[in-house]
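Student: Could you walk me through this protein slowly? I'd like to learn the terms as we go.

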Amino acid sequence: MMASSSRNVKPQVFINFRGADLRRNFAPYLHDVLHRNGINAFIDNDLQVGENLTNLFEKIEESTVAVAILSSKYTESDWCLRELVKIKECVDRRTLWVIPVFYKLKTSTVKDLEGSFGFQLWELWRKENHCNRDDRILKWDAALQDVSGRKALRFLEDSVEATFVDTIAIHIQNFLSKDKQLREENLKPQGKGGENLKHEEGSNMASSSIKPGEQCLKQLEEKLDVDCNDDKTRLLGVVGMA
């Protein structure tokens with residue numbers, strides 16, 4: 001009964017992660033720790049069998065905090081990237097606070113789309129909708145650039161998982177407490193939703209100044225030595241229209 005009723009409660013935290021890297025350890029452990037601390041966290045395993053996967057985007061919109069855990073295989077997944085794009089949209093609207101976590105991954109790897117991390121992104125775009133590639137790669141890159149430009153938490157090879165997860169939980173608890181206080185102080189008739197919620201200058205809720213990575217994508221093209229004229233023409237055409 002408790003599990004059933006908890007699904008009807010809007011999540012406070014959405015956990016975005018690559019299952020191939022983290023489903024058996026880090027992500028579910030973080031999920032459990034947050035729940036033990038009285039925080040209603042959501043991961044995709046919380047969806048009921050048969051439920052539409054697009055409901056994940058609704059859960060992101062309902063949340064107050066998103067934890068975006070980027071790992072080595074993150075850019076293999078269209079779903080991870082689509083969730084991250086939605087997270088950025090909500091952050092830009094000032095309705096969500098994002099905590100980037102780099103799991104055994106350098107910030108520069110994400111920022112500069114280095115090595116297999118960048119190659120996987122390119123290959124994902126090439127494989128999907130091969131005959132009519134769209135501008136999703138620009139949106140994916142913009143979302144990745146956004147989190148790489150924010151203060152993040154880094155899980156290193158020698159990090160202790162329990163200690164690190166506790167640190168994430170503390171950051172979330174502190175923000176939720178502050179957010180609740182601000183909402184109570186700003187409960188006034190004018191405006192709708194979170195429009196009246198005031199956050200301190202420089203808050204993570206504000207839109208990032210980082211723009212979609214036209215230059216980064218061109219660098220990626222050079223790094224990967226992509227010599228398919230069709231791919232170059234399509235990519236440069238999309239960049240030119242952005």
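Tutor: Let's start with a definition: helices (H or I, at least four residues) and strands (E, at least two) are DSSP runs, numbered from the N terminus. By that rule, the protein has 11 helices and five strands. This is a predicted model, in which local features need pLDDT of at least 70 and side-chain atom pairs count only at pLDDT 80 or more, while totals for chains, interfaces and linings use all residues. Residues are numbered from 1 along each chain as its sequence is written, and side-chain values use heavy atoms, with hydrogens and water left out.

Student: In what order do the strands sit in the sheet?

Tutor: The five strands form an open sheet in the order E2-E1-E3-E4-E5, with parallel pairing, where two strands pair if DSSP finds at least two bridges between them. Strand E2 (41-42) and E5 stand at the edges with a single partner strand each, so one side of each has no neighbour in the sheet.

Student: And how many bridges join E1 to E2?

Tutor: Two bridges join them, and Val13 has Ala41 in E2 as its bridge partner.

Student: Switching to helices, what should H9 span, and why?

Tutor: Helix H9 covers residues 161-185, and at 1.5 Å a residue its 25 residues should span 36 Å, which agrees with the 36 Å between its end C-alpha atoms. The expected span is 1.5 Å times one less than the number of residues.

Student: Which residues of H9 are buried?

Tutor: Among them are Phe164, Ile168, Ile172, Phe175 and Asp179, with buried meaning under 20% relative accessible area, exposed over 50%, and partly exposed in between (1.4 Å probe, protein chains only). An α-helix has 3.6 residues a turn, so residues three or four places apart point the same way.

Student: What do the buried residues of H9 pack against?

Tutor: They pack against strand E1 (13-16), helix H3 (26-36), strand E3 (65-70), strand E4 (97-103) and strand E5 (153-155), a contact being heavy atoms within 4.5 Å.

Student: Why does Phe175 count as buried?

Tutor: Phe175 counts as buried because its relative accessibility is 9%.

Student: New topic: how many disulfides does the structure hold?

Tutor: The structure holds zero disulfides, taking a disulfide as a pair of cysteine sulfur atoms within 2.5 Å. Cys80 counts as buried because its relative accessibility is 4%, and Cys90 counts as buried because its value is 1%.
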